[in-house]
Amino acid sequence: MKIIVCIKQVPDTKGGVEFNPDGTLNRAAMLTIMNPDDKAGLEAALRLKDQYGAEVTVLTMGLPKATDVLQEALAMGADKAVLVTDRRLGGADTWATSTTIAGAIRNLEYDLIITGRQAIDGDTAQVGPQIAEHLQLPVISYAMDIKVDEAAKKVTVKRQYDDRYHVIEAKMPCLITALSELNEPRYMSVGGIFDAVKAEITTWGRDDLKDVDDSNIGLAGSPTKIAKASDKVRKGAGEKKAFDSPEESVSYIVEKLNEKHVI
Amino acid sequence: MEFSLSKEHEMARQLFRDFAQNEVKPLAQEVDEEERFPRETVEKMARYGFLGIPVAKEWGGQGADPLTYAMCVEELSKVCGTTGVIVSAHTSLCVDPIMTFGTDEQKQKYLIPLAKGEKLGAFGLTEPGAGTDAQGQQTKAVLDGDEWVLNGSKCFITNGKEADVYVIFAVTGKIEKRGKMMKEISAFIVEKGTPGFTFGTKENKMGIRGSSTYELIFTDCRIPKENLLGQQGKGFNIAMHTLDGGRIGIAAQALGLAEGALETTINYVKERKQFGRAIGAFQNTQFQLADMATKVQAAQYLVYAAAMKKAEYQKNPKISYSVEAAMAKLYAAEVAMEVTTKAVQLHGGYGYIREYDVERMMRDAKITEIYEGTSEVQRMVISANILK
């Protein structure tokens, strides 16, 4: 089985985000991480590899610096990595991005494509389903569990909804978008890191994309115009505790306030 | 001289840091309070290769270098001194001598599962009457047919009851050296479960309380002849070689403890208010922190330099890293003690309370000045080298 996982390098929003005057993200000024939903997608692929044996290829589009997340993915256990990078592809919105990625994927063999549900920088959740559309594949979004029947060449996926889940079956090849709640991604391994840094990363530019028209890539090929961008309003995760009596609750709260030197 | 880390080392540090924060830190207080060996952490560390870092891939390891290993112990010890020493004792004191002196058969049988973390290692040199003075050894091994018969006991053994494979030193005869009769010491590999090998007292310690520190007892314990490690009579050299490497591990543990205490204190002084100001606004606090940070940085350079010297030694065994390892351990251990003590002081009354990590860090730090060669022994090693 061949699995392609699309991953994205995103700003680590834990450290706050910074914007350029034109409303786009000032990516150079921020620490970066692998997008959490994508990491869950990669973990799902690696679990399928552990279970059934599979070749996992990670693919990203971005600046050369995006090599960092590809190396991280290799160190976690991915087999191959592809970086799509070209100045002509810069400034892409979801349409231009998905067109580009689909153009890259047309060069690869696959049974399954996994993407994250959405990236924490754009929060659109559009790129995964758009890639499926370009490649004319079935798409199952918001996956919280993935099972593969290799013999029958089909997947069975639990798709999360607010108040329920759907169990959906699809023929492979297909595209699945993963939620960060899908799993707890593994760490890199020490030996994996040393191999990853030495590993060759396939790098493709505009000219390597298959069946892609210039009018659909880069800033010029992006119909989206940003009206306004803002940081998310954040609050702490909080803590939920249940006690038998009000006395116990109060003493716990007092203890916590003491701990934080509030009182 | 390079003062920047390679990409591999940066990534490895990130891995160790994430792992320490998510998996180790949440257990640190409980492990200390309850003197509980964190078995679940050991299993997770095995999965990610932490137990075979400087071992070649062909022997089940990760194919990384001594610096990566030192950084692992450092990052773990930042949040939990117990977890740091578990990895250090396993890697430096058991994996390393088998990797260096073992036969291919011994490596196949013991090194591979140790490096994969399927088995945990320990090292038994110290005896009630033989600490710094290794010649005081009483444990004996006598060859009887195809077996060595061990009798005696070892004390203060880290990973004591939790390990599966032990490198044990014993007297195998007497030899004349420069006109004096000396004990001939040899090294052996002993498996847990061997008849005649039992455990004595569990030590109730000041710090690193989650690490399993036991007395090992050998009563007519018969092990196969082929479990002799290295040549007969070379035990002292094997022990000294092993401790040179071990000192880098303990130096890294000490460094981690100092860094952990410093980080915790930096956060604390920004929050804690007295006389209407954060205590970090007082010059005493600032100067204390400046001294602590400077010493921690110096300790880090010494520890990394020793680890990098060991990497050179692995390419060219004529190079010695004994002095660098001794300096790193001496300095990092003393810095750990000083920085953790100052951290407690800067925390005031809270620093004396068990819930605050610096209290544990100060107790954990003390042992780094004692085990795997006391600070006095390190001074002997260093001065002997400069006066020779």
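B:Asp220 counts as exposed because 11 C-beta neighbours lie inside 10 Å, where a residue is exposed if 12 or fewer other C-beta atoms lie within 10 Å of its own, buried if 20 or more do, and partly exposed in between, with C-beta atoms placed from the backbone. The place of B:Asp220 is in strand S7 (residues 214-224) of chain B, and B:Asp220 has a positive phi of about 45° although it is not a glycine. This is a predicted model, in which local features need pLDDT of at least 70 and side-chain atom pairs count only at pLDDT 80 or more, while totals for chains, interfaces and linings use all residues. Residues are numbered from 1 along each chain as its sequence is written, and chains are lettered from A and ligands numbered from 1 in the order in which they are written.

**Chain B as a whole**

- Chain B contains ten helices and ten strands, these being DSSP runs numbered from the N terminus, with helices (H or I) of at least four residues and strands (E) of at least two.
- The radius of gyration of chain B is 21 Å, close to the 21 Å that the globule rule gives for 388 residues, so chain B is as compact as a globular protein of that length; the radius is taken over C-alpha atoms, and the rule is 2.2 Å times the number of residues to the power 0.38.
- Taken along the principal axes, the C-alpha atoms of chain B fill a box of roughly 80 × 45 × 40 Å, and buried residues make up 53% of the 388 residues.
- Among contacts in chain B between residues at least 6 apart in sequence, 73% join residues at least 24 apart, a contact being two residues whose C-beta atoms, placed from the backbone, lie within 7 Å.

**Helices H4 and H5 of chain B**

- Helix H4 (residues 81-101) of chain B packs against helix H5 (residues 104-115) of chain B at an angle of about 145°, with their axes 10 Å apart; axes are lines fitted to C-alpha atoms, for helices over the stretch in contact, and angles run from 0 to 180 degrees between N-to-C directions.
- On the H4(B) side the contact is made by B:Cys94, B:Val95, B:Ile98 and B:Met99, and on the H5(B) side by B:Gln106, B:Lys107, B:Tyr110, B:Leu111, B:Leu114 and B:Ala115.
- The residues of this contact divide into eight nonpolar, one polar and one charged, where Ala, Val, Leu, Ile, Met, Phe, Trp, Tyr, Cys and Pro count as nonpolar, Asp, Glu, Lys and Arg as charged, and the others, Gly among them, as polar.

**Individual residues of chain B**

- B:Thr91 is placed in helix H4 of chain B and counts as buried, with 28 C-beta neighbours inside 10 Å.
- Leaving aside neighbours within four places in sequence, B:Thr91 is in contact with B:Leu51, B:Ile53, B:Pro54, B:Tyr69, B:Asp96 and B:Gly249.
- B:Glu162 lies in the loop between strand S3 (147-157) and strand S4 (165-177) of chain B, and with 18 C-beta neighbours inside 10 Å it counts as partly exposed.
- B:Glu162 is in contact with B:Phe37, B:Leu120 and B:Ser212, leaving aside neighbours within four places in sequence, and its C-alpha atom is separated by 9.5 Å from that of B:Lys119, 43 residues apart along the chain.

**Nonpolar core**

- Of the 186 residues in the largest nonpolar core, A:Ile176, B:Phe188, B:Ala254, B:Ala258, B:Val303 and B:Ala332 touch the most other members; such a core is a set of buried Ala, Val, Leu, Ile, Met, Phe, Trp, Tyr and Cys residues joined through C-beta atoms within 7 Å.
- Not counting residues up to four places away in sequence, B:Ala332 touches B:Ala251, B:Ala254, B:Leu255, B:Ala299, B:Leu302 and B:Val303.

- Chain A has six helices and eleven strands, its C-alpha trace spans about 70 × 50 × 40 Å along its principal axes, and buried residues make up 41% of its 263 residues.
- The contact between the chains takes eleven residues from chain A and 18 residues from chain B, and on the side of chain A that touches chain B, helix H2 (67-76) and helix H5 (190-198) of chain A each supply at least two residues.
- H5(A) gives the most to that side of chain A, with five residues, and the residues of that side divide into seven nonpolar, four polar and no charged.

**Backbone features of chain A**

- A cis peptide bond, with omega about 0°, joins A:Met172 and A:Pro173, and A:Pro173 lies in the loop between strand S9 (165-171) and strand S10 (174-178) of chain A.
- A:Lys153 has a positive phi of about 55° although it is not a glycine, and its place is in the loop between strand S7 (139-149) and strand S8 (154-160) of chain A.
- With 13 other C-beta atoms within 10 Å, A:Lys153 is partly exposed.
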